[in-house]
Amino acid sequence: MMARFGGVVVAGGVLALSVAALGEATAFRPDYQVPLHQPMPITAAGFGTHSEQCGSIPDTEDGWHFVLPGDFTVFVSLTVTFSPGGTQTITSFGPPTDKHAFAASAPGAVLESASAIVKTETGKKQVLWFNLSHTCPATATPTPTPSGTPTVTPTPTPSGTPTTTATPTVTPTAPTSPSPSPSTSPAPAPAPTPVTTTLPVTG
C-alpha cells in the first residue's frame, strides 16, 4: 500500500512540476511598442538579403519577413505602411513561432513605416526593436492581365442590333393616310344641277 501510495505521490509531483513550468513559460510582462531597426524607406528588391520563400506569400507579391531578437519576446501585432498599398495590421504570426512575422505588398512597393506591439516573458529583458530579416521580391505578375479583356468585347454587340429593327414598325402606319380621300368623293356638288333646269320650265 505504501509503495502504491508513494508512486501516486511521485506522479503527482511530476504533474505539478510540469504545470508550474508551463505557467512560467506563458507568463508575460505588459505589451509594449518597438520600432523597426532598419532605416526606411525600403524596397524588397533594394534590401540586402533576399530569399525565395516568405511564409505563404505568393510569388506575385513582394514578401517581407520580420523577426524579433532573442527567444523570449513574441509579436502581438505588426503595423506596416506601403506606398502604394497603404497601412495593414498583421495579427497572425509564424511559422515557426510568433517571433516571426510576414507581410505582403505590391511588386516594387516602398515600405514607408513599420512598428510592432510585442510582449516579453516575465523576468526576461525587453527588446528595443525588431528586424527585417529578408525580403522575397515578386517573380511573376502575368496572371491578372488576360481576365479583363474578354469580358468587355461580347457585351456591346448584341445590344446595338435590336434597336434598328424598331424602325420598320413605323412604316405600316403610313397607308392609313389615304383613307381621308374618300371623304372628298361623297361631295354632292353635281346634285344641284338639275335644279337649274326646272327654272326655265316655270317661265
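This is a predicted model: local features need pLDDT of at least 70, side-chain atom pairs count only at pLDDT 80 or more; totals for chains, interfaces and linings use all residues.
Reader: What makes cysteine 54 and cysteine 136 a disulfide?

Author: Their sulfur atoms lie 2.0 Å apart, and the criterion is a pair of cysteine sulfur atoms within 2.5 Å. The pair therefore qualifies as a disulfide. By this rule the count comes to one disulfide. The link of cysteine 54 and cysteine 136 is right-handed, with 85° about the S-S bond.

Reader: Which parts does the pair tie together?

Author: Cysteine 54 belongs to the loop between strand E2 (42–43) and E3, while cysteine 136 belongs to strand E8 (residues 131–136), so the pair connects parts that are 82 residues apart in sequence.

Reader: Why is cysteine 54 called buried?

Author: Buried requires under 20% relative accessible area. Cysteine 54 has 2% relative accessibility and therefore counts as buried. Cysteine 136, with a relative accessible area of 6%, is buried by that cut-off as well.

Reader: How do you know that E4 and strand E5 (residues 86–90) pair?

Author: Pairing needs at least two bridges, and E4 and E5 have five, in the antiparallel sense. The two strands therefore pair. Phenylalanine 82 stands opposite glycine 86 in E5. E4 and E5 form a hairpin with two residues between them, and glycine 85 in the turn has a positive phi of about 130°.

Reader: What joins strand E4 (residues 73–83) to strand E7 (residues 110–120)?

Author: The antiparallel strands E4 and E7 are joined by 10 bridges, against a requirement of at least two. They therefore count as paired. Within this pairing, valine 80 stands opposite alanine 114 in E7.

How values were computed. Residues are numbered from 1 along each chain as its sequence is written. Side-chain values use heavy atoms; hydrogens and water are left out. Helices (H or I, at least four residues) and strands (E, at least two) are DSSP runs, numbered from the N terminus. Buried means under 20% relative accessible area, exposed over 50%, partly exposed in between (1.4 Å probe, protein chains only).
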